[in-house]
Amino acid sequence: MTKRTPIKVSMEKLVSLSRRRGFIFPSSEIYGGLSSCWDYGPLGVELKRNVRQAWWQDVVQKRDDMVGLDTSILMHPQVWVASGHLEGFSDPLVECKSCHLRWRADELEGDSCPSCSGELTESRQFNLMFKTSMGPVEDEASVVYLRPETAQGIFVNFQNIVNTTRKRLPFGVAQIGKAFRNEITTGNFIFRTREFEQMEIEYFVKPGTDKEWFDYWLKERLNWYLNLGIKKENLRLREHGKEELAHYARACSDIDYLFPMGWSELEGIANRGDFDLVQHAKSSGQSMTYFDEEAKEHFAPYIIEPSAGVDRSVLAFLCDAYDEEPDKDEIRVVLRLHPALAPIKVAVLPLSRREPLVKVAKELYADLRQCWMVSYDDAQSIGRRYRRQDEIGTPFCITVDFESLEDKQVTIRERDSMKQIRIPISELKTTLAAKLAGEPFEVLP
Ligand code: ATP
């Protein structure tokens, strides 16, 4: 087979496919939508769950040096004083004096309004934290913030983790959860929204070993995307310059992905030093140190933080998986998603709606559903049905035909190669499990 250059999908195409097939809908659509908010539909929610699951398995389940955590979105307001967010988590904002649109000053190319060329105001710092109040009385004392990152929930629980798990350095804590940022400009579909989900690791190490662990996690995280099928040429590492570093960071590198709008951050890996633990110790008056039994000394560990976005990862996986190829007189749209990420793993397609074929197909469908997300489709021609499954990334289709009634065999068709094999129904589950886990799809002579 000749090797084709993979196609680059446009954001419009992806938004349209996502909506048409039930991956992602605009939020509150019947009221005209809410800017930058999105709802994950029946397929999107599976894809998102699979992304989280793949991450959790890799960074928690398969490791001996990691534990998980799930902390609350609302935290004590002092957390954000200590972390520096109240003071410094802001972007420079300018407003157009004519049309009143607001822009992030550091993202503008010229010095006039990109929309109407009007004159812009002086820039001022705009804090990105969402403020709300807790309890029935709305006064200064009741102000709380929606967390702008999940990380702080991990730092403030440092002693709880050490005391309850008895983990010794180096060890890490992983958390997945919602974060909120009142971004000045949003856009590019689910790339930058005001409500999003993060997958964050805080990895605690002995000072002096931090550089080594920083390099380790950079490699580890890059490999995670590669192992889940993202093309190498669409990923790059970008080291932050000194002037770009956040106030807490000693070093930072981004894993960038080549999104339809260009190279943009997918995940950030930062060396936060002991900044957070020292700040929280000062601010709370509680000890945030670790006792090293070998060296017999107390110190605040340094922290390496790989911080990824669930939604941004979903977008990158969708962009990377999208493909179109000529097929007879048509174009076949196929999402070449890694089987671990595909929302539906198997589709059962009966070749006819007649009995007793339907009974056999339905029984198969019910049985396979005990193991995987499976769909059943008996509408229109088999070719159409294959196309529908290709378009949502289903790795395998099972066709049940009249011969199946006689020989108790079914046909498995693989999404990427469109190759088919025929196997006994009794072997179907073990074969599918092996193929989904990556066993090659060989057509036996
Ligand atoms: P950016 O420069 O794109 O604003 P950031 O450097 O502020 O991002 P971090 O604070 O490093 O982002 O957040 C870690 C990760 O969380 C990002 O790599 C991204 O995947 C995700 N993320 C951050 N902000 C948003 C957002 N507004 N919408 C969706 N995902 C986000």
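Reply: Terms first: two strands pair if DSSP finds at least two bridges between them. Helices (H or I, at least four residues) and strands (E, at least two) are DSSP runs, numbered from the N terminus. This is a predicted model, where local features need pLDDT of at least 70, side-chain atom pairs count only at pLDDT 80 or more, and totals for chains, interfaces and linings use all residues. Residues are numbered from 1 along each chain as its sequence is written, and side-chain values use heavy atoms, with hydrogens and water left out.

Me: What is the strand order in the open sheet of seven strands?

Reply: The order is β3-β9-β10-β16-β13-β12-β11, with mixed pairing. β3 (66-69) and β11 (235-239) are the edge strands, each pairing on one side only. The twist from one strand to the next averages 25 degrees.

Me: In which sense do β3 and β9 pair?

Reply: Parallel, over four bridges, with β9 at residues 171-180. Gly68 has Ala174 in β9 as its bridge partner.

Me: Which strands does helix α6 touch?

Reply: Helix α6 (residues 158-165) packs on the sheet against β3, β9 and β10, and its direction makes about 135 degrees with that of β9. Contact means heavy atoms within 4.5 Å. Axes are lines fitted to C-alpha atoms, for helices over the stretch in contact, and angles run from 0 to 180 degrees between N-to-C directions. Helix α2 (residues 42-61) lies across β3, β9 and β10 (195-205), at about 160 degrees to β9.

Me: Domains next. How is the chain divided?

Reply: Into domain 1 (11-72 + 151-318) and domain 2 (344-436). The bounds come from an automatic or database domain assignment. The domain centres, taken over C-alpha atoms, are 37 Å apart. Seven residues of domain 1 contact six of domain 2.

Me: Now α1 and α11. At what angle do they pack?

Reply: About 120 degrees, with the axes of α1 (residues 11-21) and α11 (residues 382-392) 11 Å apart. α1 and α11 are therefore oblique to each other. Angles under 35 degrees count as roughly parallel, over 145 as roughly antiparallel, 65 to 115 as roughly perpendicular and the rest as oblique.

Me: Which residues meet there?

Reply: Leu17, Arg20 and Arg21 in α1 meet Arg388, Glu391 and Ile392 in α11.

Me: Last one: what about the sheet of five strands?

Reply: That open sheet runs β20-β19-β21-β22-β23, with mixed pairing. Its edge strands are β20 (374-376) and β23 (420-424). β19 (residues 346-350) and β21 (residues 396-400) pair in the parallel sense over five bridges. Ala347 stands opposite Cys397 in β21.
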